[in-house]
Amino acid sequence: MRIKENYYLVLIGFVLMISSCKNETSQPINKEYATLVVKDSSKTLSTSYSATIRGKQDVSIYAEISGKITDIKVSEGQRVKKGQILFVIDQVPYNAALGVAEANYAAAKVGVASARLDYDNTKELYDNQVVSDYELQTALNQLHTAEATLAQMEASRVNAANNLSYTEIKSPSDGVIGTIPYRQGTLVSSTMSEPLTTVSDNSEMYVYFSINENNLLNMAREYGTLEKALEQMPDIQLKLSDGTLYNQTGRVVSISGVINENTGTASLRAVFPNPDRLLHSGANGSVVIPETYTDIILIPQEATFELQDKVFVYKIIDGKTKSTQITVSSTNDGKEYIVLDGLNVGDEIIASGAGLLKDGVQVKSVNTTSPEK
């Protein structure tokens with residue numbers, strides 16, 4: 001009988017031990033999570049906009065007269081100076097035309113001299129009452145006709161001289177020669193649709209880009225007016241088509257006052273120096289505009305999760321997670337968000353892995369961090 005009682009006691013003890021183990025495993029475990037305490041921060045973010053690069057002055061070169069190209073004095077890509085001869089058009093017919101015009105002008109000068117002499121003689125005879133009014137008026141008319149002929153011949157001479165000068169096509173500015181589609185012997189004229197070439201003044205480059213209407217309004221609010229925005233905007237950078245940053249900074253110099261009704265954007269123009277001629281007219285890139293934000297709440301993007309296009313974080317309240325919707329700025333660097341609403345300085349949130357949690361999870365904070373100011 002004693003043995004049987006001992007057996008029951010051992011059995012009861014075993015059952016109690018198992019029950020105790022079950023109770024221990026059923027208790028919630030406080031898992032450790034990295035958290036951060038929200039503080040005031042500052043951050044410089046950059047926004048990129050697609051851009052088109054143009055020379056400071058791109059001049060299409062056309063012939064002003066008709067004729068065959070007899071000489072091409074430049075090559076594609078060559079740097080030229082203002083007034084340098086680029087093309088020569090056959091000068092023979094224009095030299096001949098100038099010769100004829102100068103001869104006609106000389107003859108007209110002689111005609112004026114003769115008509116004036118005739119008028120002076122007739123006037124003297126008229127004063128002595130030798131000739132009539134009619135004869136005096138006829139002599140005067142002949143003088144006026146000779147003078148008109150001289151003026152006409154002078155205009156023809158100037159026109160012929162101009163045409164001869166047009167046979168030497170010169171560069172209107174310093175710059176770089178573009179494509180030359182024509183060759184020596186080609187017949188050209190002022191009515192041709194394609195230019196002989198293009199001279200690009202690329203000592204400075206104009207970079208054009210567009211921003212949407214909302215950004216334009218934000219810029220006006222931030223600086224007061226668009227004029228003040230131009231004065232106070234920081235220097236900007238240019239990212240080239242190969243992804244590298246251009247080694248010179250530029251400045252925004254103009255903002256269009258008209259919103260494109262089709263795209264809802266306004267055009268801006270920036271100027272970049274081009275001392276090494278690395279930038280070329282017609283190239284593409286993107287401008288990078290830095291903007292410094294101060295006294296802001298900044299959190300890592302990995303501390304957030306999205307639900308139906310809304311952004312949430314998990315606050316730590318009384319040691320437990322509480323999902324909280326926040327509003328973030330559309331401007332970000334892909335790593336951190338600027339929080340516009342939903343968090344206050346001093347709030348503690350889960351720093352990473354928020355998408356794996358749910359409300360009410362009891363957590364133990366470790367490695368509490370915050371973005372540096």
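Predicted model: local features only at pLDDT ≥ 70, side-chain atom pairs only at ≥ 80, totals over all residues.

1. Strand S13 covers residues 284-300, and strand S2 covers residues 40-61. The two run antiparallel and are joined by 12 bridges. Within this pairing, Ser 41 is set opposite Ile 296 of S13.

2. S13 also pairs with strand S10, residues 237-240, again in the antiparallel sense, through 4 bridges. Here Gln 237 faces Val 288 in S13 as its opposite residue.

3. A further antiparallel partner of S13 is strand S17, which comprises residues 336-341 and is linked to S13 by 4 bridges. Ile 299 has Tyr 337 of S17 opposite to it. When examining these strands, the reader may bear in mind that side chains in a regular strand alternate between the two faces of the sheet.

4. How many salt bridges does a search of the whole structure find? The search returns 8. Three of them, treated in the next points, are the pairs Asp 71 with Lys 73, Lys 123 with Asp 127, and Arg 251 with Asp 235.

5. Asp 71 and Lys 73 are joined through their side chains, with an N to O distance of 3.0 Å. Asp 71 has a relative accessible area of 27% and is therefore classed as partly exposed. Lys 73, at 43% relative accessibility, is likewise partly exposed.

6. In the salt bridge between Lys 123 and Asp 127, the closest N and O atoms lie 3.1 Å apart. Both residues belong to helix H2, residues 92-127; because they are 4 residues apart, about one helical turn separates them. Lys 123 is partly exposed at 31% relative accessibility, and Asp 127 is partly exposed at 48%.

7. Which parts of the chain does the salt bridge of Arg 251 with Asp 235 tie together? The closest N and O atoms of this pair are 2.8 Å apart. Arg 251 is located in strand S11 (residues 251-255), while Asp 235 is in the loop between helix H5 (226-232) and S10, so the contact ties together parts 16 residues apart in sequence. The relative accessible area of Arg 251 is 32%, which makes this residue partly exposed; Asp 235 is also partly exposed, with 38% relative accessibility.

Terms used. Residues numbered from 1 in each chain as written. Heavy atoms only, no water. Pairing = 2+ DSSP bridges. Salt bridge = Lys/Arg side-chain N within 4 Å of Asp/Glu carboxyl O. Buried < 20%, exposed > 50% of the residue type's maximum accessible area, 1.4 Å probe, protein only.
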